[in-house]
Amino acid sequence: MATVSLQSKTFDKFPDVVGRQDDTNYLNHDHSITSWLFTLDHKRIGLLYLVTITLMFLLGGALAGAIRLELLTPKGDFLTADTYNKAFTAHGIIMLFFFLIPSIPAVLGNFLVPLMIGAKDVAFPRLNLLSFYLYFAGSVIALTALLLGGVDTGWTFYTPFSSTYSNSYVIVMAVGLFVVGFSSILTGLNFIITVHRMRCPGLTWFRLPLFIWSIYATSVVQLLGTPVIAVTLGLLGVERTLGVGIFDPRLGGDPILFQHLFWFYSHPAVYIMILPSLGVTSEVIATFSRKNVFGYHIIAFSSIAIAVFGFIVWAHHMFTTGISPYAAMVFSLLTFSVAIPSGIKVFSWLATMYGGSISFDTPMIYAFGFLGLFTIGGLTGLFLSTLGTDIHLHDTYFIVAHFHYIMVGGAIMGYMAGIHYWWPKITGKMYSEFWGKLSAGITFIGFNFTFFPQFILGYLGMPRRYYEYPDEFQVLNVFSTAGASILAIGYSMPLFYMTYSFFFGEKANSNPYGGSTLEWTNTTSPPSPHNFEQTPVVTEEPYHYHGKEAAVVSH
Amino acid sequence: MFEEFKWLPDQASTVAPEVDMLMLFIVVVTVVITALVGALTLGFAIAFRRKSESYIPAPWFGCIPLEIGWTLIPVGICLVMFSWGVKVYSNIVIPPADAMELYAVGRQWMWKIQHPEGQREINALHVPIGRPVKVTLTSEDVIHCFSIPAFRVKQDVVPGRYSSLWFQATKAGTYQLFCSEYCGTEHSRMIGKVIVMEEADYQKWLSEGAESGQALQGRKLYTKLQCVTCHTGNAEAKAPNLEGIYRKHIPISHIDGVKIKDGTKVFADDSYIRESILYPNAKVAAGWESIMPTYQGLVTEEELLQVIAYIKSLNQGQTPPRTEETPTPATIQNKVPNKEVN
Amino acid sequence: MSATNETVQDHGQHHHKDLAHHFDTLEQQHDANTLGMWAFLLTEVLFFGGLFAAYTIYRYKYSAMFEEASNHLDITLGATNTVILILSSLTMALAVRCSQTGNSLWTGRWLLITIAFGLMFLGVKYVEWKHDYHIHLMPGKDWSGKDYWHWQYAKKAKDMETEAHKKGSAEHALPDRKDVLADNDPSLGVRGIQESQQARLFFLLYFCMTSLHALHMLVGFVLIGIIAYFAYQGAYSPEYYSPVENIGLYWHFVDIVWIFLFPLLYLLGAHMGH
């Protein structure tokens, strides 16, 4: 193994925070199982989530592998049609509801929100633990649905197929999603109250780190949107059991009503998935450019704008369903409105880098990847908000490529950036920069190889959710599967070097990267159980790297 | 695998080049902005790489002209895309008035297509070059999606209602027809071929093995199902005269059994005719009692399309007499014998 | 942003017994709890909102049948329930007031009276639902898998009830199921099937919305009971009464949902002097 140390040197403007004499921190102060399973400490709850969502990610990834293997050849030869349909349904449900939606908020948000605002914990610690167990219960129920035989409706559950025709375990899965939805609602509620009421003295709204703004915006969406999917799934369950005709046209119902109710949540849901990554990117770019974030206020407002606009564009998923052309035009115009705040963020981050002092640690490499891939993903959304092109591209692989660019190239890269950035704070250890950068690079290459060909496939007309396809689509599918194997390697590597670092990594000091936010300047790595020895008092705007005498906190 | 490979889809309809131009514009915008962001990221990363641990860059809080610029320029580009998109979209969804009408029924897992002249096809669609074609679509079970990538058209096929798409083919050849809305186990096998032919070849194909015309089939049903018992078209009729009603505004008096404002009219399109056959009480014509029985469960979707095609073709004086075998609609003379009701 | 040399000394401070460790002051705790309950009620608005949306769409699509179906609900019982629930909100408000003034005994008592009113409400609902069950106005399937819903039967039962009313007798028999046409009997035509489907949709929405409401009441009983117990133990004082206040917010929300449900479900098609 290479012994070249590529780690950043300590930024000496922020002296090491000295911890307690006996070196106790939130990880080692109590080793018992019950202290972990019944913890009220937001930091430990964040770690509980980290373990469970990683397991779900691996399962979702394995399903993706099965899908890509099948798509190597035009004929259906690896899986049966039914198994394939269940595989892509499970892949979508697991990745969206059990990985992406919780990922940054439940892991990084739980860990960091109180630390970044100078609080001892979130507003409702017991509710926080309940959120985790709801997530866990929801996962168990969803996995039960899979083990019983799976669901073959697609993660979108369109009626009347899901309400009347499908012979799979729709209701069990719907219950699992209902339960995990409440986990999401309660986490969002907790963060909102925490940010409103638990900020330390001097921490006004416009002194908050941009990560907090993005978590706040995400929480608002979680709070308001998730109940609607809960009740929609409830109605679907009622229709399936009682056969009543809410969505079945043979019984007087309207199948398009389901789509409106479904997408009213599921579109804002994608903003739940991307907003936190946007916040992480602000933090990472600021720290590793050693410079304030350009246009702080605008970036904060743009997060809120994305959350709000996200609620009024849902029917852009339904342009071909037969909605009135006038409605289609309205939703098309509104959809463009979401692009603008996202573009503003990207340009502001570039301006942040301009004139900065940029270092190429692993988190920054992931942030670079995020910049490129989120830009492409977001721009390809323009093809879809434009009515004239959406008709041709709807329900093709173009859509698949578009959302994977945003959710994998964007959200997951942001998540990886955040995990790598805050790993020293969470674990008190440094991981290997060499392996970190290598896996970031492999992931970036593998990702593009997997999903770029799919834009072309979609334009050529290859529909989604096909396990057999005409021969002319094979070349691009082979490229895509080849890329997926590289991507799989890139995603597996952190499991090894991060776990290794947890046990054997070099000890980190309190601020190895020179961050300016409270979690770096006022807590040890890892933090003590109650976070701060003394409540911080904030006196200036964030991302201030000038003429500092940071508080030397000692016990 | 390589022989069949192509980068770009065929352009085989009038609207395809328009869609492709718009795609090209958005591709250019995407490439330019991506290249810009990529170049700046790389450029800044190199130009401003960390050279000294103690160097603190000066903060830069904002620059109004720059921020206005990078807000308004994207807004402008988006507005261009939006309006261009609406223009192309209206060309995609608004059919010309003289379009030839075809009917397609989607069901798990096949497409059943009917030509007005009577030709029926399964998973295949023959069309002539140069004539606008409108396909009226419905589903027998779940939601499907009728999609012809080479024509750049697509429309969801929803049970319980009619939808439509139109196209005008411009290039002879064979193209893919896909179902583009997941519909169950054999969704990926619900594909077909669109065969575009020269007009002469198309006529030849039509005359080979064509069953009797759509409207003639509908006429047979009109008598078999006893529509003609009440809709006789004469003074003793118990039901409104259906001659020439297609695409007219019909005054109605009751909706679902509830009396409504006088003078309310309904537009008698395909959907209205279908609704009246299946749900006669939905919109009752003014001046008539609602005594029509329903045909739910007594007609298939295809038969419905045939009856509707017949009613659409029904001109003044053409309602058939009640109890005789008559030849094709074109040869019916004006007079309808005054037969007694049995 | 970061802290300067200023920090707040918060060790060695006297901790109020009701102050949770992660809060700095009782006021902060109170604010956080109240804001949390408001945020939760906002999610409840959206939760019920989905059902209200479905109801609104079908009410306009099938307005005639929704009115007719609504006439099968007993307005008197519905209005009685409305009054009961409003009274329960009154007693709840009184409970909150008592907790604010430190009257532990009456805090507990008013809370228990609130539960009593709530139980009365559910009792009336039970009577209503039992009646609906007996006249086959429940969508769903019976044990043999057949449709339990029977709209023609319900109509006949209502006619017989009206007859009996006119004659002045309170009791009336239920019709014999054999004497009533099936909903899809051909002689009724499509009108019969349509009426049955649309009325069933109304009743499905009625049962879904009132069940969800009743479920919220049951949860409310448990929470009020727990808080009443603590109130009797003297856990609440003028400095710390936010659990009572917050359960009050929750209960008032439950009341307001009913205020919307009652006119939408019971009063469709009811006219003054009807």
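Predicted model: local features only at pLDDT ≥ 70, side-chain atom pairs only at ≥ 80, totals over all residues.
**A first look at chains A, B and C**

1. Residues are numbered from 1 along each chain as its sequence is written, and chains are lettered from A and ligands numbered from 1 in the order in which they are written.

2. Chain A has 16 helices and three strands; helices (H or I, at least four residues) and strands (E, at least two) are DSSP runs, numbered from the N terminus. Its radius of gyration, 23 Å, is close to the 24 Å that the globule rule gives for 555 residues, so chain A is as compact as a globular protein of that length. That radius is taken over C-alpha atoms, and the rule is 2.2 Å times the number of residues to the power 0.38. Of the 555 residues in chain A, 68% are buried. Buried means 20 or more other C-beta atoms within 10 Å of a residue's own, exposed means 12 or fewer, and partly exposed lies in between, with C-beta atoms placed from the backbone.

3. Now for the partners of chain A. In the contact with chain C, 48 residues of chain A meet 38 residues of chain C. On the chain A side, α7(A) gives the most, with ten residues. That side divides into 30 nonpolar, twelve polar and six charged residues. Ala, Val, Leu, Ile, Met, Phe, Trp, Tyr, Cys and Pro count as nonpolar, Asp, Glu, Lys and Arg as charged, and the others, Gly among them, as polar.

4. The contact between chains A and B takes 77 residues from chain A and 74 residues from chain B. On the chain B side, α2(B) gives the most, with 15 residues. By class, this side has 44 nonpolar, 17 polar and 13 charged residues.

5. Within chain B, do look at the hairpin that β6(B) and β7(B) form, with four residues between them; R152(B) in the turn has a positive phi of about 60 degrees. The two strands run antiparallel, joined by five bridges (strands pair if DSSP finds at least two bridges between them). S147(B) stands opposite K154(B) in β7(B). Five of the five residues of β7(B) are buried, so β7(B) is largely enclosed by the rest of the structure. V153(B), Q155(B) and V157(B) lie on one side, with K154(B) and D156(B) on the other.

6. Last, I75(C) is in helix α3 (residues 75-100) of chain C. I75(C) counts as partly exposed because it has 14 C-beta neighbours inside 10 Å. Setting aside neighbours within four places in sequence, I75(C) is in contact with Y266(C) and A270(C).

Technical notes
Contact = placed C-beta atoms within 7 Å.
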